[in-house]
Amino acid sequence: MSDHHLAQLNIGLLRAPLDSPAMAGFVALLDPINALADTSPGFVWRLRGEGADDATGVRVFGEEILVNLSVWETYEALWNFTYRSDHLEAMRRRREWFTRMREAFLVLWWVPAGHVPDVEEARDRLALFRERGASPAAFSFRDPMPAPSAAPRA
Amino acid sequence: MTDSGIEAVGALSEPLRRRLYRYVVEHGGEVSRAEAAEATGAQRNLVAFHLDKLVEVGLLEVTRRKVSGREGPGSGRPAKLYRRSAREHAVRLPPRDYETAAHLLAEAVERHGAEEALYAAARAEGARRGAALADRGHGPASPDLGELRARLEEEGYEPVMEGPGLRLRNCPFHSLAAAFPPLACGMNLELLRGLLSGAGADDVTASMRPAPGWCCVHISKNNKD
């Protein structure tokens with residue numbers, strides 16, 4: 001049992017407001033994909049808005065920017081959910097719903113098991129990744145970093 | 001070109017070894033010496049020799065497990081089981097490196113957000129391959145699952161019948177799909193959709209159904225109602 005978990009932030013710039021017909025396909029996937037995440041092996045936590053089951057109401061990065069913030073037990077658990085579950089279909093179609101961003105839109109970092117990251121922490125990690133590129137403090141699927149080794153016993 | 005690639009391919013020039021390798025691959029899991037001997041009708045010592053040779057060159061790998069269910073002292077050594085190695089072997093003469101090229105092209109497509117252009121190209125290529133299949137003689141009728149399976153086998157997908165559909169054991173774009181999953185799997189999906197429509201296979205649908213260790217595309221028979 002590792003004493004670190006993997007935190008994940010990704011943001012998406014909406015092509016249209018969520019209630020527009022162009023976004024209906026995405027909105028229809030929200031509940032099933034969130035439910036799939038919740039029951040996926042290694043899932044720990046995901047951000048939800050006040051009184052909501054998803055984070056679509058959390059617009060701290062901008063009015064048109066959706067936030068997805070979650071924590072997973074291992075890198076493999078997050079990778080398998082992202083790319084080896086029905087979530088992949090949503091990934092494949094993401095350009096229908098989100099405008100491509102020039103800068104990085106996803107960042108990963110290790111947190112002590114039990115720690116719940118807030119959006120400020122997530123924003124700092126994304127800023128760090130955008131500024132310096134991959135490091136153990138902020139990286140991506142392209143440059144995975146190993147979990148910090150367990151602290152020596154006192 | 002690597003020496004290990006040449007050794008691996010060279011090892012398969014021996015007919016029994018090639019049959020054994022095919023048997024293990026098609027079995028899809030772990031195979032014992034006895035099973036391999038029975039499947040090929042060859043003598044067990046000879047089969048063991050060739051299986052170990054396939055391990056030596058990196059085409060198969062060995063796992064050890066007690067298959068009898070017996071435990072403790074006197075239950076015998078764990079059986080040696082063989083399965084396909086995850087290692088990839090490539091031999092191209094003269095030397096070529098299309099894999100690096102594919103990764104660079106994928107990176108460029110992602111940076112430009114040009115996925116749709118890639119999907120359209122994949123669909124067109126799939127349709128050409130499907131049309132070639134139709135021309136090869138299944139006549140005006142749409143190909144059945146058995147014919148599709150044979151065709152996808154030729155394309156390297158290693159299809160397996162599962163219920164009213166086909167699961168694909170091998171991803172022909174494995175290293176690309178590991179590095180660029182949405183892009184490569186999306187390309188593969190459109191390639192297969194194109195192939196099905198080009199072949200006139202109107203009663204089956206290709207869709208994303210990813211699972212660890214399998215190709216992300218699943219082909220299923222449409223509901224008739």
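The points below concern a sheet in chain B, a helix in chain A and a residue in chain B.

This is a predicted model, in which local features need pLDDT of at least 70 and side-chain atom pairs count only at pLDDT 80 or more, while totals for chains, interfaces and linings use all residues. Residues are numbered from 1 along each chain as its sequence is written, and chains are lettered from A in the order in which they are written.

**Sheet in chain B**
- Six bridges join strand 2 of chain B to strand 3 (residues 79–84) of chain B in the antiparallel sense, and Glu61(B) stands opposite Arg83(B) of strand 3.

**Helix 2 of chain A**
- In helix 2 (residues 75–83) of chain A, a DSSP run of H or I with at least four residues, the buried residues include Leu78(A) and Phe81(A), buried meaning that 20 or more other C-beta atoms, placed from the backbone, lie within 10 Å of a residue's own.

**Ala206(B)**
- Ala206(B) lies in strand 6 (residues 204–208) of chain B and is buried, with 24 other C-beta atoms within 10 Å.
- The C-alpha atoms of Ala206(B) and Phe180(B), 26 residues apart along the chain, are separated by 20 Å.

How values were computed: Two strands pair if DSSP finds at least two bridges between them. Helices (H or I, at least four residues) and strands (E, at least two) are DSSP runs, numbered from the N terminus. A residue is buried if 20 or more other C-beta atoms lie within 10 Å of its own, exposed if 12 or fewer, and partly exposed in between; C-beta atoms are placed from the backbone.
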